[in-house]
Amino acid sequence: IDPKVYTGRPTHEENPEKRAIYDKLDQLGISYIRVEHDHADTMEDCLLIEAQLEARICKNLFLCNRQGTQFYLLMMHGDKPFKTKFLSAQLGCSRLSFADENHMKELLHTIPGSVSALELLFDPENRVQLVIDRDLMADEYISGHPGLSTSTVRLTREDMLKYVAAVGHKPVYVDLPNPELAEELTQKIVEAIKSGVQPATK
């Protein structure tokens, strides 16, 4: 990881997807800071990047329904466990799974490990629905890879929402529980019912 934190775009950028995203950020007058690094494929990598950017890394999951006809990009805290059943229930769709690499390349022009809301620029037909876990909106900053996971940029929450609106996407907000806490609560309720005690759920 390059120890330097940069402001704005690099002087020379050969990757066309990165260039297009930086162009759009510049066009919208959005300020951001940036770090450069090798492909960030592990949580250990992300933790190092978090420390440099002084912001939590956002987890971005590219999902689809069982038929492979509806696509979703979920943004949530990187350290929050994810279970598809909670999201599927709130979206009112069949059980979701991870979309394949070919659809990611076709719709968002990126590869696994690099996806973020910044790539919604490449989905002018709105085939990908952006979904945001409401917990994420408590953060002042949101980070994401601009096209490839060899760079990470940090934007304010408001500027990220401005960006996705400018590229024609309207997010759907969900309230995802922490699966570990949800299962613990369910177990307590089950035990209370078995013992004949009215469970307190609040």
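**Close-up views of a predicted model**

**View 1. The largest pocket and its lining.** In this predicted model, the largest pocket has a volume of about 440 Å³. Its lining is made up of 24 residues, and those that lie nearest the centre of the pocket are K59, N60, L61, G113 and V115. Two or more lining residues come from each of the elements α2 (43–53), β3 (58–64), α4 (101–108) and β7 (141–144), and β3 gives the most, with five residues. Sorted by class, the lining holds 12 nonpolar, eight polar and four charged residues.

**View 2. The buried face of helix α5.** Helix α5 spans residues 157–166, and its buried residues are D159, M160, Y163 and V164. Seen down the helix axis, these buried residues fall within an arc of 135 degrees, so they line one face of α5. In an α-helix there are 3.6 residues a turn, so residues three or four places apart point the same way. The buried residues of α5 pack against α1 (16–27), β4 (71–77), β6 (128–133), β7 and β8 (151–156). After α5 comes G168, which has a positive phi, near 85 degrees.

**View 3. Strand β6 and its pairing strands.** Five of the six residues of β6 are buried, so this strand is largely enclosed by the rest of the structure. Strands β4 and β6 run parallel and are joined by five bridges, and within this pairing L73 has L130 of β6 as its bridge partner. Strand β9, residues 172–174, also pairs with β6 in the parallel sense, over three bridges, with D133 standing opposite V174 of β9.

Technical notes: Residues are numbered from 1 along each chain as its sequence is written. This is a predicted model: local features need pLDDT of at least 70, side-chain atom pairs count only at pLDDT 80 or more; totals for chains, interfaces and linings use all residues. Side-chain values use heavy atoms; hydrogens and water are left out. On a 1 Å grid over the protein atoms alone, a cavity is a set of points where a 1.4 Å probe fits but cannot get out, and a pocket is an open set with protein on both sides within 12 Å along at least five of seven lines; lining residues have an atom within 4 Å of a point. Grid points are joined across faces, edges and corners, and a volume is the space filled by probe spheres set on the points. Helices (H or I, at least four residues) and strands (E, at least two) are DSSP runs, numbered from the N terminus. Ala, Val, Leu, Ile, Met, Phe, Trp, Tyr, Cys and Pro count as nonpolar, Asp, Glu, Lys and Arg as charged, and the others, Gly among them, as polar. Buried means under 20% relative accessible area, exposed over 50%, partly exposed in between (1.4 Å probe, protein chains only). The arc is that of the directions from the helix axis to the C-beta atoms. Contact means heavy atoms within 4.5 Å. Two strands pair if DSSP finds at least two bridges between them.
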